[in-house]
Structure formats: C-alpha cells, structure tokens
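Please look over the model below before reading on.

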Amino acid sequence: MAPGPGAAYHPGMDRLPPRIDAWFAARGWVPHPHQLEMLRRADAPALLLVAPTGGGKTLAGFLPTLAELAENPRPGLHTLYISPLKALAADIRRNLAVPVAGMGLDIRVEDRTGDTAAEARRRQRADPPHILLTTPESLALLLSYEDAARTFAGLSRVIVDEIHALHDSRRGDQLALALARLEGLVPGLRRVGLSATVEDPPALARFLARHPDPCPVLQADPGPDPDIRMLETASPPPWAGGGGRHAIPEVLDAIRRHRTTLIFHNTRAQAELFFRDLWLANEEGLPIGIHHGSLAREQRQRVEAAMAAGALRAVVCTGTLDLGIDWGDVDLVIQVGAPKNVKRLVQRIGRANHRYNAPSKALLVPANRFEVVECVAALEAARAHELDGEPRGPGPRDVLIQHILARACAGPFDADALYAEVRTAGPYAGLEREKFDACLDFAATGGYALRAYDRYQRLVRRDGLWHLRDPRAALRIRMNLGTIVGTDTLKVRLRGRGGAPLGEIEEGFAATLTPGDTFLMGGEVVRYEGLREMTVEVSRERGREPRIATYMGTKFATSTQLAQRILAMFRAPAWPDLPAHTASWLALQREVSRLPEADRLLVETFPHDGRWHLVAYGFAGRNAQQTLGLLLTHRMEREGLDPLGFVATDYATLIWGLARVRDPAPLFDPRDLRAGLETWLQGNAVMKRTFRNAAIIAGLIDRNLPGHRKTGRQATFSSDILYDTLRRYDPGHVLLDITREEALKGLVDFGRIEEMLSRIGGRIDHVALDRVTPLAAPMFLEVGKVPVKGAAEQRLVEEKAARLMAEAGLA
Amino acid sequence: MNGYALTLAGAALVALPSGALWWPERRLLAVADLHLGRSERAARRGGTLLPPYETEDTLARLDAEIGRLAPATVLCLGDSFDDGDAAACLAERHVLWITRMQAGRRWLWVAGNHDPGPPGLGGSHLAECREGPLVFRHVALAGAAGDGSGEVSGHYHPKARLAGRARACFLCDDRRLILPAYGTYTGGLDICAPALASLVGPKGLALILGPRVVAVPLQGLRAGVSASSASR
C-alpha cells in the first residue's frame, strides 16, 4: 500500500528536506514562494497552481513527489504526470533527470507516449517507474487493459501540466473521465493542476477536482506586466487578407536587434508565405527557421535542436510552439495577424523572456486595416488583465461512449457504479441517467430503433455486469481510442528513390492538384509530380510563384469579449490611439453610413459591379457569421432574392445576388433562423463533418490509421452515407443528437448567433446606399467565398464536362 | 430519362443516373454490387455496429427502378450479398420483398467474389452469362475477347472526381462496360487506380452519376491525376 497522503513529508513545515535544500543551495537558488506553498499543501486532495511562464511551475508540481520519495523511498508508481504534448513529456523527463541526480535520489522517471517502443510499454505495465510521464491518450489506453488496477496500485499523485491547454477540448473531457477511473482504482489519489495565466481559474479547478470536492487555487506572483506594442510599419497594412508581409522590413530589423525571436502566425499557410518572403528579404542570411504541425517530424526536430542550441535568430511558427517547451532564450515574440483571443496572446507573449520577474516583450503586427482595430482592442484588454474565454458546455457524449467501450475492455463493469464514477468528472457532473443509458445502449447494441443486432451485441449483460461479447473487439476499440480526429492527410516526399519526407497536406487539397502545380512546403516552392502509393511526390521548383497553400488552416474566431471591446471602441468620437490611416477609415465610414453598435445590428445594402450586395455586421465570430450566411442565403433563395454567394469574416457577412433587398429586417427573424437550422442545415457539409468526428470517437467507424491505408478503398465508404442513412431511417438516433449538439457549439456556432440576436433585440438599422462603404470594401478582397449551391453545382459539373469533351474533340 | 445512351458490340444500352444499366431492346435491367447484408456481416464478425438500414434502402431503390421500367430480366452482377451467410441471415421481410420483385420476370444472380455460391433465393445462379452480343460477369477479364462480343462487369465500384467532387461512375470503351456499385453501403475506387487504368484505355469514357449522367473522356480526367482514394 502507498503511504497516506503527506505521510512522507510533514505538511506545514517551511523547510525543505535536507537533500533538496542542499541541492537548491548548491546552485545558489532560492525556491519561489509558490514552490514552497505547493510543498506545504502537498496533502490537498486537489490543488491548482496558476503561474506565469518561467515561474518554475513544473518543478513546483514535482517537489512534493521528490520530497516524499526522498524521505520514504518505495517501489511502484508514485506520481503520474500528464501533458498535452508527447514532446513535453520527453522534455520533462530530461529536465527532471537533473534534480533527481543532483539530489542523489533513486527515482525512476520514464515517459510513455505513442512513440514509446512496444517492449518498453509492456514492461511499464508490469513494473511501472516511480514517475510516469504520459499524455491523455496513452493514459486512456493504459486504463483499458485488464491489468490496469495492478499498474496503478500505489499511485499517490497525478500532475496535469498545461491544464489550460487541455480543459476546454475533447482531450480534456477524456482526461477528466480517466481521472475518475483512476480514482476508482486508487481512492484517495491527490490531483495537482499546473496552468498558465487564465481568465477563470475556478473553472479549471472544477475540471480538475473530483466532483463535487473543492479545489483551492494557488496564484503565483504573475510577475511584471509584459511590454507589448504594435509594430509601426512604413507601409500601411493592406485592406484585407492576412500574412503581414507588408511588415517584413520592420520584422527583419526587430530580429536583428534581438537574440531570438518567435514569429507566431494564425495559420500554417500564412506562416509558409511569410517565411518565404522573409527569406527573400533576408540579405544578410540571418539563420531563420520555420516550425508548424504539417512539417515532417525530421524537419521539426532539426529546427527544435537548432533552437535549443541557440543557433537560430528567429523561428516562424504556428500554435505548435504555444506550449511550455523550453527551446531556448527567446527575448521577443511577434504576433502576426490579430490574436483573435486575448488569452492566447498573453500566453504566447509568455514565451518571451523565460526568466521569472523580467517583463516579456512582444510586438503585434496587424495584417490588415481591420486587424489594426482588433490589435488595439487586444492590447487594451491585455493591459487591463482582462482575459477571455467562452463557457464550455457539458462534456460531449461521443467521448463518453468511447470511455464506456474502453472501460469494457478492462473488464466487466456495473452500469450504476460507472454512472456514479462518470459523474465525479467535472465535465460530466450534470449528466442525466437517461443520457448515460443511451450512450451505454449505443456502445452495447448500436442504439438503433430497429433492434437488428441482438445476436451480435458488442456488450452483453451477464449476472448484472456488462461484458465485451467478443474479446477480439478489444483490440479494435483500443486502436480507435483518442479524441483527435485529423482530416485525412497525405505524406509529401521529394520524387526519387528514398526522397526526403517534407510533411503532409490535406487530402482535399491534394485532390485539387494537377501535375505542374506549385505550392509551398517548409518554405520552399515544390512542384506536384503525381501520387504514388498514397504519397504525394514533388520536385523542387525554383523561381516560380506558388499556388496558395490552403492546407490545414486553423481559423480561429474572434472571441466574444474582444468583439465587444471593438464595438466599444467604435463609440468613441475620435481615435487618437489608432494609426492615422485606420482612424480616417473609420471616420469616413461614420460619415457615409454608420459604425456598428453592440445593441443594434447594422445592415447595409448597395449595388456594386452589376450585383446587389447586403452586409450584416453581426460581430459574432467567423463560424457564426458563416452560418448566418448559409441561413440568410437559403431564406433569400426561397423569397426569390436570387443570392449568388457570400463571404464571412469575424465581424460581418457579405451577400451578393441579383435582387435588391429592400427590407432586410424579416430575414433576421429569430424563429425563422432557428427553423432553418433545424431543417435545411441538417444536410449541410458542416453537419456531415461534425458527424464524422463523432462517429469516429464513438467507435461507429474506424480511424484511418497511418500505415494501414490501402490504395483501393472499395471496402470503406464515406461517413456521409451513414449520416444520410441515419437521417432517413432513424432520425432520433443518439449519434444524430450528439452531432447536432456539437455542431451548434462548434463549427455552426449557433450559440453566438443567439447571443447576437438577444443583444440586438430586433433593433436593425438598414442603411441603403449607392456604393460600397469603407467598412464593407475590405470584404470584397476576402478569400473563402461560398457559392450558393443547388442547381448551380450540377451546372458546374456539366460545363466542365462539356469543356473536356470539346477539348478531346468528342463534343 | 436522364440516362446516357451508348452502344456496346452493337447493343443499344442506357446508363441510368442510379447506376443501373438498361437494355431497352431486351427489357433487361442490370445492377452490380448490391452488397446486401453488409451491416449484419460487420456485426456478426465483431466489427462496428453500422446502422442496419442499407438492405432496406438498396431494395427500395431497386424496387422503384423495377416499377418504373418493368424489366423482363433483372441481372445482379455479383457481390449481391456481402458474404455467403448474409443471404441466409436476410430478414424475413427482405426475403419476401425480393421474392415479390422476382415475380413474373427472369432473375439472374451472377456469382461475385463476396458471394460465389447460390443465395438460396429464387432466380438462377450463374458464373457468368451471355446475352446476345454481350457477356455479363462480375470481374472484367484482362485482354481482348477476340470474338467481337462486349463485356459488362462490376466489382471495382469506379468513382471519378470532377470539379472537386467525387462521384460514382460507369467506365466504358468500345469493348467493355464497368458498372458502379448499386448498394447503399459501398465505397469506390478512383478511375486513376492502376487496376482500372489497365482495363479501360485512354479512349474510354467515364459516365458520371448525378441528376443527369455526364460523360467525360478518361484522358481529360486522368490528366489531372488526383488522390486515388476518392470517397463519396
């Protein structure tokens, strides 16, 4: 048995165990107050530490473990450490080795991730180390084995690192369920969460603790305020688009004046384009690298190594560098494009100056005129320490279904006990029994109205316990564990024998390529040669313009709080804080039309280029404005207003068509919008994508595992077919219900449309004009226009076919 | 009718938007790869529990087609069942439904790789079948027939990508016609895959399904070699 909580180290003592004290002293270090406080409160059942980057968070998390094992060595697993990144787990293993060796402790520290060799993984289950470092996915897998109880026997502490990056995602929901399961195996387990600066620590605490237990929050000294400014550029930013390439001379200058600069972009495609142009301008050949999630692992590791060795002056990157991996001495962070979200901005800025009590330094580069406004608003919010965050709804049920299946793999279970256990996980605290039973039924029988599978149920009930009917199914369930569903991607390699791997692109993007097309990959222009055994073959192509790389763009939506700040800024009589070009743009908008306001909806209509246009400034974020575009154009089509297409940004939707909208107010009738959502949107591609994710997580369809894909896929069919079939024959099915729930808060984001509708309360200002307005003009330059489908799609197919027939002389 | 009229070895045929083939002169309707009982088979073998509605859906579409055309002969071109047991495990009402559709007409089951044996339902079971100038078999034979006959087959579930959308299609040249899969739970093989490229030459056509069947030269489609894992 494990010693009771805090038995090894006496809480309330201000003194470190001698060996640890000596280690600090030998280095001339003094522990931070919050590190000592973590030791003092080591026996708290749950404790959340919020500390800025560089505050020695991780050591604070591990100190109680080291103290306990130093005073009272024992075999077996003592502490489980969970991080969102494999790389972080490996990093921590190396970092822990230093104090463990320095303190002369006999402690085994190992990591276990998808990259760990099968042999090592088997051994770890039978003979676990004192400290095991892992990810939520690997933990879920460990818990699905029959010997989980033996592996985790004696476990005393769980540390969840970077908990702010996990808690509001499906991975976090999965982790919360895993913690509940761990608690079931080893009651009395202590939980510790480590978080960067967040807006709502109590929400994180609720996520961490066993519900309804309390979870105190320990706030470390946040350190000095960061030094953030907007980068002033000689040429003004363009009217629309992203990228920030107008700022390259100033960015290069900033790189020159700092040791190491991180340049964050919001999308991978933008990072690629910026990196290329930065190199073209980099006449003195400063060592600059690129790092993002689509690059091959070898490529990324090379950049990471160079970074750690201090060999790079700058790295152009995306969110993959957001988390707490220590890759060197960064003294400047540049954010290109609006940060969309103040919390992310503050966390990114924390990357600079990894030394406690030194201010971080950051520059913002708005990529277009509107982003200037957004950046100024974000700066104000950051200075006011006003972080944002959307409240998260109840835990998704597809994750719960996966948890039930994984639970069945570990051995027979009692439904009542599992329900009680699941409700101790924060995100599932409010789960109704009815919903749990529907999830269990889906796991067991498929949950179809037509009870077709009674003979072949996946789970069967015997002697009051649920068992896996066919033990072979366990292998399949384990292979499908995890909540990250990527889009299908294809590997990219240089053509030729043993061609170097360059990275991955989305299958959908690959399908649009024809031989000779060029795109950017890892900063170089490559030419598409062909597809071979599911690998995209390319050759290097110098001196040609790339087609825009559209792969894997993460499009964040501007947060509600940031949108509110922007609307508040619009109320000002003048804007002395804005650059002159932007201030005069807003003033002109006020003169010819009006500026949007928080409690009313501005709708402009005007003719342009032979078409009628309508702009609705909803400020509801990109996803919601996109949904609004779909719903409005559908309604307009029914009313004979002949819409042709629309484009959405974070703040507005622009619709164009053949007819003039004389009275837009009825289009925004909340009842109609909701009804449109219920009927028409169900058939939409967004719903199908959401369904696919839910179906994979819930185990209805198998994942495409890397290396398991075959060229011929007659045997597999698209999840769209399943979606359509369910809608036709079983519209009340639980998976459709889950799809609706997830789409509304995710890609469809109807919640923010509702928020906008209640905010404007029917107050719609229609301004009819004879030309494009200043605020609307940039929208004409936006990419991502959506054509209104219907008869149009078949026409497109037929026109293309006719052209090809004609070219082939077959017309 | 929104089908596409073509001639194969002198036989005037219509490729229908549903993926079925209609031979008006002989009043013959051919469908390939129904894969009835696919979800039942997956469940039986410990796989995932797919929505058990595909047999219903496939039969409903076939029934509507039969009602519209009143064929004298219905020819199922192999892989009508997802495996040998799938026919035996068919629900009683589906057996009756098939029997009802078979009434008053000739019904031929051609053997496929999934269902090599007779299904134990009405109709005749054949390895392959010759009707006038046409030979119907499940998998196309490589090489020329040499006797001037035309070959009609299924098996590959061909799909083509046009204007960014992958759709099921017929493939044909002057000697051969490959049907798309008719079953609801079926995926597809891109026409650029080597297996299909070697069967139908560059002078062939893809007849792409949709509200109307659209013919596209294979040469034009294959020039834009796309991901060979197209899915609907």
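1. In chain A, 73% of the contacts with a separation of 6 or more are between residues 24 or more positions apart. Contact means heavy atoms within 4.5 Å.

2. Ground rules. This is a predicted model, in which local features need pLDDT of at least 70, side-chain atom pairs count only at pLDDT 80 or more, and totals for chains, interfaces and linings use all residues. Residues are numbered from 1 along each chain as its sequence is written, chains are lettered from A and ligands numbered from 1 in the order in which they are written, and side-chain values use heavy atoms, with hydrogens and water left out.

3. Chain A overall. Its secondary structure comes to 29 helices and 26 strands. These are DSSP runs, numbered from the N terminus: helices are H or I, at least four residues, and strands are E, at least two. Of the 811 residues in chain A, 57% are buried. Buried means under 20% relative accessible area, exposed over 50%, and partly exposed in between (1.4 Å probe, protein chains only).

4. Confidence. The average pLDDT of chain A is 84, and 86% of the residues score at least 70. pLDDT is the predictor's confidence in each residue, from 0 to 100. Treat two stretches separately. Residues 549-554 of chain A stay under 50, with 22 contacts beyond four places in sequence in the model. Residues 706-713 of chain A are also below 50, and this stretch has 20 contacts beyond near neighbours in sequence.

5. Helix 24 of chain A. Which residues are buried in this helix? They are A:L673, A:G676 and A:L677, within residues 670-678. They cover an arc of only 100° around the axis, so they sit on the same side of helix 24. The arc is that of the directions from the helix axis to the C-beta atoms. An α-helix has 3.6 residues a turn, so residues three or four places apart point the same way. The buried residues of helix 24 pack against helix 23 (622-638), helix 27 (734-745) and helix 28 (750-760) of chain A.

6. A:N282. This residue lies in the loop between helix 12 (268-281) and strand 10 (288-291) of chain A. A:N282 counts as buried because its relative accessibility is 5%. Not counting residues up to four places away in sequence, A:N282 touches A:L252 and A:I288.

7. Cysteines. The structure holds zero disulfides over all chains; a disulfide is a pair of cysteine sulfur atoms within 2.5 Å. A:C215 is buried, at 13% relative accessible area. B:C76 is buried too, at 0% relative accessibility.
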